[in-house]
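Please look over the sequence and the model below before reading on, and keep both in view while the account moves from the strands to the helices.

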Amino acid sequence: MSNSNSRNTLSDSDILILMCLAPFAVPLVIALVPGWWGNSLTWLVEHKILVAASESPLFTFPGQIGGVDLPRLVIVIAVLLAAVACGFSALRALHERRIDRRLASGDRL
């Protein structure tokens, strides 16, 4: 149960947002730091998360180190769809929270 009266605690929807965004935020930070892009791609190819550029992937990342083939592309699309669904869910929860706050203060919709 979430505690809507305390400003220092995380609500259930806040925790859900963090759980949905954390797996995407960490790789994004790694990709944006200069010098880590090539090392990150090399590590992903070595651990078979990405396909090596020599194996003719469907999509190759900048740097020509690796890319994604069809099975990995399906997984990427599924993850992106899940992220979009989590985002819409979080926005809906935020909107409902704002409506509840307005109704609690005596405002009429």
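Two strands are taken to pair if DSSP finds at least two bridges between them, and strands themselves are DSSP runs (E) of at least two residues, numbered from the N terminus. In this predicted model, strand 1 and strand 3, the latter formed by residues 66-68, pair in the antiparallel sense over two bridges, and within that pairing valine 51 stands opposite glycine 67 of strand 3.

The sheet to which these strands belong is open and has three strands in the order 1-3-2, with antiparallel pairing. Strand 1 (51-52) and strand 2 (59-60) stand at the edges with a single partner strand each, so that one side of each is left without a neighbour in the sheet.

Turning to the helices, helix 3 (residues 70-104) has 35 residues and reaches 51 Å from its first C-alpha to its last, close to the 51 Å expected at 1.5 Å a residue. Just after helix 3, glycine 106 takes a positive phi of about 100°.

Two packed helices are described by the angle between their axes and the distance between the axes. The axes of helix 1 (residues 12-32) and helix 3 come within 10 Å and cross at roughly 155°; because angles over 145 degrees count as roughly antiparallel, the two helices are described as roughly antiparallel to each other. Helix 1 passes helix 3 in a left-handed crossing. To the contact, helix 1 contributes Ser13, Asp14, Leu16, Ile17, Cys20 and Phe24, while helix 3 contributes Val79, Ala83, Cys86, Ser89, Ala90, Ala93 and Arg97. These contact residues divide into nine nonpolar, two polar and two charged.

Key: Residues numbered from 1 in each chain as written. Predicted model: local features only at pLDDT ≥ 70, side-chain atom pairs only at ≥ 80, totals over all residues. Heavy atoms only, no water. Helix = DSSP H or I, 4+ residues; strand = E, 2+ residues; numbered from the N terminus. Axes fitted to C-alpha atoms, helices over the stretch in contact; angles between N-to-C directions. Parallel < 35°, antiparallel > 145°, perpendicular 65-115°, else oblique. Left-handed = near helix turned anticlockwise from the far one by under 90°. Contact = heavy atoms within 4.5 Å. Nonpolar A, V, L, I, M, F, W, Y, C, P; charged D, E, K, R; others polar. Expected span 1.5 Å × (residues − 1).
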